[in-house]
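Dear colleague,

Please find below the structure I am handing over to you, followed by an account of what was found in it.

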Protein chains: 2
Amino acid sequence: MPIYTAPTQDLQFVLQTVLDVAGSDTPGYDELDADTTAAVLEEAGKLSANVLAPLNPVGDEQGCTLENGVVRTPDGFKAAYDEMRAGGWMGLDADPEFGGQGMPYVLNCAVGEMFVSANMAFNMYQGLTHGAYSAIHAHGSADQKATYLPNMIDGIWSGTMNLTEPQCGTDLGLIRTKAEPQDDGSYRISGTKIWISAGEHDMSENIIHLVLARTPGAPEGVKGISLFIVPKFLVNEDGSLGARNALSCGGLEKKMGIHGNATCVMNYDGATGFLVGELNKGMRAMFTMMNEARIGVGLQGYAQGVVAYQNAAAFAQDRLQGRDVTGPANPEGPADPIIVHPDVRRNLMHQKSFVEGARAFALWGATLIDRAHRSGDAEAQGLISLLTPVIKGFLTDKGFETTVLAQQTLGGSGFTRDWGLEQFVRDARITMIYEGTNGVQSLDLVGRKLPAEGGKPVMAFFEMIKTFVKENEDDAALKQGFLDPLKAASKDLQAAAMYFMQNGMKTPANALAGSYDFLHLFGHVCLGFMWARMAKAAQAQLDAGVGDTAFLQAKLVTGRYYMARQLPATALHRARIESGGDTVMALDAANF
Amino acid sequence: MPIYTAPTQDLQFVLQTVLDVAGSDTPGYDELDADTTAAVLEEAGKLSANVLAPLNPVGDEQGCTLENGVVRTPDGFKAAYDEMRAGGWMGLDADPEFGGQGMPYVLNCAVGEMFVSANMAFNMYQGLTHGAYSAIHAHGSADQKATYLPNMIDGIWSGTMNLTEPQCGTDLGLIRTKAEPQDDGSYRISGTKIWISAGEHDMSENIIHLVLARTPGAPEGVKGISLFIVPKFLVNEDGSLGARNALSCGGLEKKMGIHGNATCVMNYDGATGFLVGELNKGMRAMFTMMNEARIGVGLQGYAQGVVAYQNAAAFAQDRLQGRDVTGPANPEGPADPIIVHPDVRRNLMHQKSFVEGARAFALWGATLIDRAHRSGDAEAQGLISLLTPVIKGFLTDKGFETTVLAQQTLGGSGFTRDWGLEQFVRDARITMIYEGTNGVQSLDLVGRKLPAEGGKPVMAFFEMIKTFVKENEDDAALKQGFLDPLKAASKDLQAAAMYFMQNGMKTPANALAGSYDFLHLFGHVCLGFMWARMAKAAQAQLDAGVGDTAFLQAKLVTGRYYMARQLPATALHRARIESGGDTVMALDAANF
């Protein structure tokens, strides 16, 4: 069975030492002092390691079952869900007005990383609820908020997002689900939705579905889509559960991974629904969920990498094969642990340098969201809007890659079920696809986010890196190992953006065929920036003689690996981009 | 259900137009005229598409079952196996002295690609038999050959390779299985072997196990290992089946993929075995199997990419989402097929340019093997010995990557079982691991093959590329699109080799920590070389006005993509290598 150790020390290093959350003037961050965060992380870590992680292979093996419309989750899921509820984890960052604890989003992300590393499929049930909560909180009426939010924050009710239909995935303009207005102000919802995560299950008493649908005569395409609340059980005036709504789970999807999560076909047969926000403005409301979900999916991606790496490292310490080429490291044993071999090290360093960089990147992104929401900081809003597709796309592509690398460390054992690595690979794979495939993320980045506000956010990003480099160039060690490579990588990113500006207007393919590489180029620069900041923070603590010396030195060494061996990928991505769209588009569609 | 179309036109292009097998003076290649090869490929293609491919999801879903020591393969496997036998496919390139057809190995590989694309798990049963056949053929006594080979070539008996034990995977020196000599010249074999593909099943009447074991008092480590034939049923003097041998399948491995293949724990409880070749020279005999198996695994890797790509391309032609940014391509429909989108194209071109390059590389390698075996050509032997780890490592890493890319083309559908893409991903994953993990391949390449014969083979490789470039530089189109990038990539490879020579002697980690990147660098140069050769061949046919114009032009366009967007990866691999071993080895083992 795979192991999981909560990375509380590294989470605290990022939160306190690198991001200095306790010292931030973002409203509410005064609650993030070192002791409070440590206590929260400690508790969440225990729950993750002791309750959620042991259920992960169980969920994979058993999956969910559908019988007579009833979906059963794997053994132990319901009890764990109740334990999560009892601990108040589901409302950690939710609005206190409706029963939430009101903690910053960044803390929720730090906790969420652990929950997801321990059991991704399980954590999706509450993840979806959180997304639905956010959409109702942002766009629902006062009455809707009062009716639904307290129970959703508690977890006794859960939530879903219903977007996809068989003919319509990325292109939501093709939605056919109908919403017919009724005399009492409600709507009758009819249609079929597919791939609905947590669409039906046995963990909560009610499920609040958020459904995109089209009213009669609505404008064509995405401009005619509205968002509706469609509860599994209608809610009486007094808040108690009323009649069963006309909706049902029509099937469970068989899929590569996340077996513990029920991926449902949902049939709406004239179900009663309630409009959220304005008519035909459903996309806007849905994007509230979506943007949050995209950060959450980025987190899922690297979190699977975290647990996979832990297992790879433990295996490499333990497995005896061959001898250290420089002399036996374990002369009494029949062979040396494979961690002595340089190629095993290369693989482990690749994993480690990614997941630690990714953690810092994701949590930095979360502080920007808090800043935007809690301080109304427009610059932070612009920046996180720019970075959201990068967090989603880069952290899931590389997170998946990390699980594959970790699986490779185990050799044949990595391919067998017993060791659990292959589950991490299969579970991580979905993160590159859902909430918008990573190709779609790259189009969002290049087509929408890059030119947004006349390029202000991306300029601010470059300026931020430039300033950081300038401010720290006097530190010779930091300059050579971190700032110089970061500068070179940032130059590649600027050149690629410039290429798009100069060549993408007249021939869109020159930009669009380079969008995927641009997303990766951007991701590497972000992780390079994070590593430079982490190195600075670690060195400062070492110089001051505070903190855990071995941990801090490991941080510096791991960062140097990233800068030397991962960051140079920016030049390759730039070369691909600058090769233009011609070679990509030259082949006639019929000749594929 | 996934589709499969036999790529006979492209196989013929590589065999006849690029490699000119019919014009080669390698003994036996006179049988490879265009008509004969076309007929063979046609038949194998039909078998693959009509019989094997439909069984692929069945095998995945059902897997193998073990009950009372009996292993049952999935429904339909036995009938398909019998059809393969009846067609004489199992002995296509086997020695006519023992009933084989004696065709060149390269033809066997071309046919094998199709079998593996259609159903990898199924094809392993005969693949393992072929490896065991080769080892007995090369190292067995005349009596052993007469006893075992005819039935193995026929397929009525199958074969296996028994290397791995729980404590011993890569490091075969740790083998504990015992072989005690008996008065009659046989040995009593006792021990447990794991991960034995096709170790027990219901398709053949007898299974000939080749088992590595240690005799009493043998030297320690790999120098004390011998190879034994241990048949499931002992064979009587007259060739009929005798007593059941004391061996049994103790369990089936649950694994990520290749469910249709029985991966067995094999228990040898004083089983009767017969020494193959000399005592304590088992490793040499095993390497006969292993080298062949490594080429075969490289072929498996890209063959999974082939079928995955086909399904991705078909989906992209069919699935309607969004509109072509340059104007509707399907104005009558609700949306355009997603193949119009540049990022979908990029992904498909990546897949296509890899699998076609890989096919040429693998088949070129197969001609070198034929050359070495049939002409005793030492230079060809040196070259294929050098290229074997590259074929295995690069084609499986990139083949797996291709299945993941293809899965991505399908979006959410790629994650569901129904579409079959996720099976290709799971099946392809093992190719990076078995027959020596790709990390081990890279060590073989850098540690053994590069310095072999004082570097003669690698020098010959560089010379071959230099000569090709020189001979064709007058062709301006070839020079710009193909030769210049090839030259640059080859320069990166030479620089990396030089780096190892100058820095790896004193500090082995400088070479060993770069071995994996070197393998990939080498692989890219090989595919770049193949694309340059294919472009030249295609252009020559176009100039001469022969062949299928659309096919030949697609070849040129696809090659240009590879040169522009894949080959530049050589610079990244070189940069990583030249960053040295320090950042890889600096972290104390305790701090992972």
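B:Lys398 and B:Glu401 form a salt bridge in which the closest N and O atoms are 3.4 Å apart; the term denotes a side-chain nitrogen of Lys or Arg within 4 Å of a carboxyl oxygen of Asp or Glu. The two residues are three residues apart in helix H9 (residues 378-409) of chain B, so about one helical turn separates them. Helices here are DSSP runs (H or I, at least four residues), numbered from the N terminus. B:Lys398 counts as buried because its relative accessibility is 12%, whereas B:Glu401, at a relative accessible area of 30%, is partly exposed. Buried means under 20% relative accessible area, exposed over 50%, and partly exposed in between (1.4 Å probe, protein chains only).

As to provenance, this is a predicted model, in which local features need pLDDT of at least 70 and side-chain atom pairs count only at pLDDT 80 or more, while totals for chains, interfaces and linings use all residues. Residues are numbered from 1 along each chain as its sequence is written, chains are lettered from A and ligands numbered from 1 in the order in which they are written, and side-chain values use heavy atoms, with hydrogens and water left out.

Over all chains, the structure holds 58 salt bridges. One of them joins the side chains of A:Asp517 and B:Arg565, at 3.7 Å from N to O. This pair crosses between chains, linking helix H16 (residues 515-544) of chain A to helix H17 (residues 549-566) of chain B. Both A:Asp517 and B:Arg565 are buried.

A further salt bridge connects B:Arg417 with B:Glu422, with 3.4 Å between the closest N and O atoms. B:Arg417 is partly exposed, at a relative accessible area of 27%, while B:Glu422 is buried, at 1%. Elsewhere, salt bridges that share partners join A:Asp10, A:Glu113, A:Lys352, A:Glu356, A:Arg359 and A:Lys555 into one network.

Turning to helix packing, helix H2 (residues 34-62) of chain B packs against helix H4 (residues 105-118) of chain B at an angle of about 20°, their axes being 7 Å apart. H2(B) is therefore roughly parallel to H4(B), a description given to angles under 35 degrees. Axes are lines fitted to C-alpha atoms over the stretch in contact, and angles run from 0 to 180 degrees between N-to-C directions.

Yours sincerely

Key
Parallel < 35°, antiparallel > 145°, perpendicular 65-115°, else oblique.
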